[in-house]
Amino acid sequence: MTSDQADELAVMFKALADPVRLRIASIVACCPGGEVCMGQIAAEFDLTGPTISHHLRKLREAGILASERRANEVYYFARPDRIEHLIGPLTGMRTASCPPAHT
């Protein structure tokens with residue numbers, strides 16, 4: 001893994017390291033329709049709208065979620081390619097043969 005790849009993945013992992021953001025990502029990714037509006041997400045939490053918006057923005061900035069505005073509502077959907085981008089390197093770390101570290 002290159003330094004640039006590690007930096008990119010760290011941003012995504014940092015976004016998911018927050019329990020609220022992890023739950024939001026899970027809600028969106030597991031939605032049968034493939035998208036969820038802000039109101040549906042907010043209904044799952046005892047948090048203010050601005051707080052939910054903050055967490056959604058962090059997930060969008062990390063590339064985990066994308067959004068689309070329709071009339072007065074914003075719909076969020078997961079980006080499977082980006083989620084796979086997170087999983088791939090972890091799988092590789094489990095199976096890779098690395099040279100011994102020098103101490």
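What span should the 12 residues of helix α2 have at 1.5 Å a residue, and how far apart are its end C-alpha atoms? That was my way in. I kept in mind throughout that this is a predicted model.

**Entry: helix α2.** I looked up residues 19-30, which make up α2. Next I listed the buried residues of α2: Val 20, Arg 21, Ile 24, Ala 25 and Val 28. They cover an arc of only 135° around the axis, so they sit on the same side of α2. I reminded myself that an α-helix has 3.6 residues a turn, so residues three or four places apart point the same way. Turned away from that buried side, I found Pro 19 and Cys 30, both exposed.

What do the buried residues of α2 pack against? I noted α1, β1 (36-37), α3 (38-42), α4 (49-61), β2 and β3.

**Entry: helix α1.** I ran the length check again on residues 3-16.

**Entry: the whole protein.** I stepped back and counted 5 helices and 3 strands. Along the sequence they come in the pattern α-α-β-α-α-β-β-α. The protein has 103 residues, and 27% of them count as buried. I also looked at contacts between residues at least 6 apart in sequence: 55% of these join residues at least 24 apart. The protein exposes about 6800 Å², with carbon and sulfur atoms supplying 57% of that.

Entry: Which residue here has a positive phi although it is not a glycine? I found Ala 71, at about 55°. Most residues other than glycine have a negative phi, which made me stop here. Ala 71 lies in the loop between β2 (65-70) and β3 (73-78). Ala 71 is exposed, with a relative accessible area of 72%.

**Entry: rings.** I looked for aromatic pairs and the count came to 0. I did find a charge over a ring: Arg 70 lies over the face of Tyr 75, at 4.4 Å from the ring centre.

Definitions and conventions: Residues are numbered from 1 along each chain as its sequence is written. This is a predicted model: local features need pLDDT of at least 70, side-chain atom pairs count only at pLDDT 80 or more; totals for chains, interfaces and linings use all residues. Side-chain values use heavy atoms; hydrogens and water are left out. Rings of Phe, Tyr and Trp (its six-membered ring) pair if their centres lie within 6.5 Å; planes under 30 degrees apart count as stacked, over 60 as edge-to-face and the rest as tilted. A charge sits over a ring if NZ of Lys or CZ of Arg is within 6 Å of the ring centre and within 35 degrees of the ring normal. Helices (H or I, at least four residues) and strands (E, at least two) are DSSP runs, numbered from the N terminus. The expected span of a helix is 1.5 Å times one less than its number of residues. Buried means under 20% relative accessible area, exposed over 50%, partly exposed in between (1.4 Å probe, protein chains only). Contact means heavy atoms within 4.5 Å. Accessible areas come from the Shrake-Rupley method with a 1.4 Å probe; for residues, only the protein chains shown count as cover. The arc is that of the directions from the helix axis to the C-beta atoms.
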